[in-house]
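Thank you all for making the time this morning.

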Amino acid sequence: MRKIFIILCMALFSAGVVKAQVGLQGVTVETYYVANAADIAYSDPGTVDPLPAGAVTYRLYVDMLPGWELQAVFGATNPGTGEIDTLVIRSTSPFWNHADRGDLYGYNVAANQIDENTVALDSWFTTGRPSANTAGVLEVVPSEDTNGSTPTFPHNPATLLINSDPASGLPLTSEDGAVPLVSTITWTPTPG
């Protein structure tokens, strides 16, 4: 669950960052889902930290110029000056984590578990993968979500994530913002 007003968006548009990131055209914040009473009642059964009432899940997408790609979002110490550029992500509300099947990174969420209870509303960081075998696409653009609501639906149990609140655009039962990966991307971190 990402009930957030992310300072990251503002940081990306601050004067210093925009100068350094000439390939960045913009950031889209998509309201992905608004939790209803059934989602809240069932979220992480038995946990002491259930999904809060009225929780809103957001997704952020970066729009890059052709030939450019987002490779990392980070804070670091400038070796030339010793200045610290801190990456800060803040929220006006708490981030919610699914204690049973959620994870720190989207690609670590098992594809066969993203459709279980409220796992799809877990908070995580990703550069494109909401689960191990899927890529995230704008849910509100049907031409990008080419497989509709598969693989997230039908959901288990079927009474969850079916809210059709107009604030979240298309219902997840028709477009879920996830498509199967068509290839495996191999990435090797470079020291420094």
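The protein chain averages a pLDDT of 74, with 78% of the residues scoring at least 70. Confidence is lowest in helix α1, residues 7-13, where the mean is 38, and it is highest in strand β1, residues 24-34, where the figure is 88. Over residues 1-20 the pLDDT stays under 50, although the model does have 55 contacts there beyond four places in sequence. Residues 185-192 are also below 50, and that stretch has zero contacts in the model beyond near neighbours in sequence. Where pLDDT is low, the predicted coordinates should not be read in detail.

As for the layout, the secondary structure of the chain comes to three helices and six strands, and from the N terminus on the elements run α-α-β-α-β-β-β-β-β. Of the contacts between residues at least 6 apart in sequence, 69% join residues that are at least 24 apart. Buried residues make up 34% of the 192 residues in the chain.

Let me move to the interior. In soluble globular proteins, nonpolar side chains tend to be buried together. Here the largest nonpolar core has 16 residues, and those touching the most other members are Tyr33, Leu51, Ile114, Leu121, Leu161 and Leu172. If we leave aside residues up to four places away in sequence, Leu172 touches Tyr32, Tyr33, Glu139, Ser149, Phe153 and Leu161.

Most residues other than glycine have a negative phi. Leu161, however, has a positive phi of about 55 degrees, and it is not a glycine. This residue sits in the loop between β5 and β6, and Leu161 counts as buried because its relative accessible area is 0%, where the cut-off is under 20%.

A positive phi, near 30 degrees, is also found at Asn117, again a residue other than glycine. Asn117 belongs to the loop between β4 (84-85) and β5 (134-136), and its relative accessible area of 6% makes it buried. Thr118 lies in the loop between β4 and β5 as well, and is buried at 0% relative accessibility. What is the C-alpha to C-alpha distance between Thr118 and Ser43, given that they are 75 residues apart in sequence? In space, Thr118 and Ser43 are 5.6 Å apart.

Gly67 and Gly23 are 44 residues apart in sequence, and their C-alpha atoms are 8.5 Å apart in space.

That is where I will stop, and I am happy to take questions.

Note on methods. Residues numbered from 1 in each chain as written. Predicted model: local features only at pLDDT ≥ 70, side-chain atom pairs only at ≥ 80, totals over all residues. Heavy atoms only, no water. Core = buried A, V, L, I, M, F, W, Y, C linked by side-chain atoms within 4.5 Å. Buried < 20%, exposed > 50% of the residue type's maximum accessible area, 1.4 Å probe, protein only. Contact = heavy atoms within 4.5 Å. Helix = DSSP H or I, 4+ residues; strand = E, 2+ residues; numbered from the N terminus. pLDDT = per-residue confidence, 0-100.
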